[in-house]
Structures are given as structure tokens and as C-alpha cells.
Amino acid sequence: MYKKFIMQLFLCNMIVFTGCFCVKSLKMNQVASTQAFKISMENAPEPEVDRFFGRLQRAASGQRVVSYAVMEKEYKYYLSEADYEALLKIVQAEAGNEDEEGKMLVAGVVMNRVESGRFPDTVTEVVMQQEKGVYQFSPVANGTYQKAKVTQETVQAVERVLKGEDLTRGALYFAARKAADPEKMKWFDCSLVKLFEHGGHEFFTNG
């Protein structure tokens with residue numbers, strides 16, 4: 001009888017131990033199945049998006065952060081990654097010393113050209129376009145485009161343009177008169193209609 005009691009006690013202990021082990025395993029499985037991390041929209045870096053397909057591609061570096069106020073707007077233009085980089089670099093090279101509005105104007109002119117039947121259909125082709133062997137954008141010719149290091153303000157300005165903010169009044173051309181070749185400026189003055197000036201640039205459209 002004593003041995004039977006010991007055996008029953010042993011079996012009860014085993015049942016209790018097994019039940020505790022199962023509960024603990026269940027909790028571990030629940031923890032393992034939860035999200036590894038959560039992304040907070042507040043002060044979070046901008047996710048890099050393939051703007052042609054509109055899909056999240058990968059998290060952006062901390063260098064390129066766009067405010068949530070800009071991120072929450074719908075995109076007007078959807079660019080490939082290559083076109084997006086080309087737009088950032090040409091804006092930086094052409095308007096790196098301008099204020100955010102000046103940067104937006106340069107980005108806007110590029111996008112106006114993309115939409116115009118007078119120019120190529122992609123940002124990269126517009127930026128790299130040549131006329132009689134001469135690049136349309138001088139930074140591409142002199143190498144400053146290739147060396148441009150994009151600033152946060154340039155990213156912000158470009159994002160605003162891609163979201164639909166247009167300050168250009170339809171401009172398709174711009175020039176910095178002080179730095180431009182006099183003969184080229186003569187063509188601007190005689191062949192185009194001047195719209196306005198901002199910072200160091202004058203903006204034109206076709207006559």
C-alpha cells in the first residue's frame with residue numbers, strides 16, 4: 001500500500017510538471033510570433049520607395065529624412081529609383097546655394113520638361129539631353145552633377161515637387177545670367193519669354 005501511494009504521488013508530480021512545461025512553451029511561442037519591431041511614424045526616417053511602382057523598397061538612410069507632413073500627401077509623379085536620384089543630383093548641382101523655393105523651381109522645371117512633348121520622357125533623359133553635342137544642364141558638362149552630395153533641404157524640396165507643389169508658372173528653362181555664356185543668354189532673351197526671377201536664376205518659357 002505504501003508503494004502504491006508513492007507511485008500515485010510520483011504520477012501526480014509528473015502531470016503537474018508536464019502541464020507547467022506546456023504553458024511555458026506556449027508563452028515562448030507567443031513571444032516568438034510577435035513582430036520583431038514596430039515602426040513609429042513620429043520622427044521616423046522616410047522609407048525609400050520605388051516611385052515607379054509605388055512600393056516600399058527599403059528603409060532610407062538617416063541622411064534622407066522627409067517630414068511626415070510631406071510624406072502623408074499623395075504623389076503626383078512616380079519615378080524610378082534612377083530618375084529620383086538624377087532629379088536630386090541635378091537640383092543639388094544647379095541650386096545647392098538657393099533656398100528651398102529655389103530648389104523646388106529647378107526640380108519643377110525638370111518635371112515640366114518630362115511632361116512636355118518638346119523634351120524626353122524621363123528625368124534621366126532630360127538631365128542628360130544634349131543639343132548639338134552640348135548638354136542642356138551645365139553641371140552635367142562640368143562634372144558638378146556627378147560630384148553633387150545631396151542635402152536634406154534638397155530632398156525636402158524635391159519631395160514637395162513630386163507631391164504636386166508647382167511654383168514654376170510653366171517655366172521650361174532657367175539660367176543664371178551672371179555665370180552664363182553671353183551668347184547663350186542672348187538666345188534666352190531673343191527666343192524665349194521671361195517669366196520671373198528667383199535667387200540667382202531667371203525662368204523662361206517658349207514664346
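This is a predicted model: local features need pLDDT of at least 70, side-chain atom pairs count only at pLDDT 80 or more; totals for chains, interfaces and linings use all residues.
## Overall composition

The chain has 207 residues, and buried residues make up 37% of them. Its secondary structure comes to nine helices and seven strands. Among contacts between residues at least 6 apart in sequence, 66% join residues at least 24 apart.

## Helices α3 and α4

Two packed helices are described by the angle between their axes and the distance between the axes. Helix α3 covers residues 81-95 and helix α4 covers residues 100-115; their axes come within 9 Å and cross at roughly 130°. The two helices are therefore oblique to each other, and their crossing is right-handed.

On the α3 side, the contact is made by Leu87, Ile90, Val91, Glu94 and Ala95. On the α4 side, the residues are Gly102, Lys103, Val106, Ala107, Val110 and Met111. By class, this contact of α3 with α4 has eight nonpolar residues, one polar residue and two charged residues.

## Helices α4 and α8

Helix α4 also packs with helix α8, which spans residues 152-162. The angle between α4 and α8 is about 50°, and their axes are 8 Å apart. That angle makes α4 oblique to α8. The crossing of α4 and α8 is right-handed.

From α4, the contact takes in Glu100, Lys103, Met104, Ala107, Gly108 and Met111. From α8, it takes in Glu153, Thr154, Gln156, Ala157, Val158, Arg160, Val161 and Leu162. These residues divide into seven nonpolar, three polar and four charged. Lys103, Ala107 and Met111 of α4 are listed in the contact with α3 and also in the contact with α8.

## The surroundings of α8

Eight of the eleven residues of α8 are buried, so this helix is largely enclosed by the rest of the structure. The buried residues are Thr154, Val155, Gln156, Ala157, Val158, Glu159, Val161 and Leu162. Among them, Thr154, Gln156, Ala157, Val158, Val161 and Leu162 also take part in the contact with α4. Helix α8 is followed by glycine 164, whose phi is positive, near 115°.

## Aromatic pairs

A pair of aromatic rings is described by the distance of the centres and the angle of the planes. A search of the whole structure finds nine aromatic pairs. One of them joins tyrosine 173 and phenylalanine 188: the ring centres are 6.3 Å apart and the planes stand at 85°, so the pair is edge-to-face. Tyrosine 173 lies in strand β5 (residues 173-175) and phenylalanine 188 in helix α9 (residues 182-191), so the pair ties together parts that are 15 residues apart in sequence. Both tyrosine 173 and phenylalanine 188 are buried.

Phenylalanine 196 and phenylalanine 203 form a stacked aromatic pair, with 4.9 Å from centre to centre and 15° between the planes. Phenylalanine 196 is buried, with a relative accessible area of 10%. Phenylalanine 203 is likewise buried, and its relative accessible area is 1%.

## The aromatic cluster

One aromatic cluster is formed by Phe119, Tyr173, Trp187, Phe188 and Phe204. The cluster thus includes Tyr173 and Phe188, the two residues of the edge-to-face pair.

Conventions
Residues are numbered from 1 along each chain as its sequence is written. Side-chain values use heavy atoms; hydrogens and water are left out. Axes are lines fitted to C-alpha atoms, for helices over the stretch in contact, and angles run from 0 to 180 degrees between N-to-C directions. Helices (H or I, at least four residues) and strands (E, at least two) are DSSP runs, numbered from the N terminus. Angles under 35 degrees count as roughly parallel, over 145 as roughly antiparallel, 65 to 115 as roughly perpendicular and the rest as oblique. A crossing is left-handed if the near helix is turned anticlockwise from the far one by less than a right angle, and right-handed if clockwise. Contact means heavy atoms within 4.5 Å. Ala, Val, Leu, Ile, Met, Phe, Trp, Tyr, Cys and Pro count as nonpolar, Asp, Glu, Lys and Arg as charged, and the others, Gly among them, as polar. Rings of Phe, Tyr and Trp (its six-membered ring) pair if their centres lie within 6.5 Å; planes under 30 degrees apart count as stacked, over 60 as edge-to-face and the rest as tilted. Buried means under 20% relative accessible area, exposed over 50%, partly exposed in between (1.4 Å probe, protein chains only).
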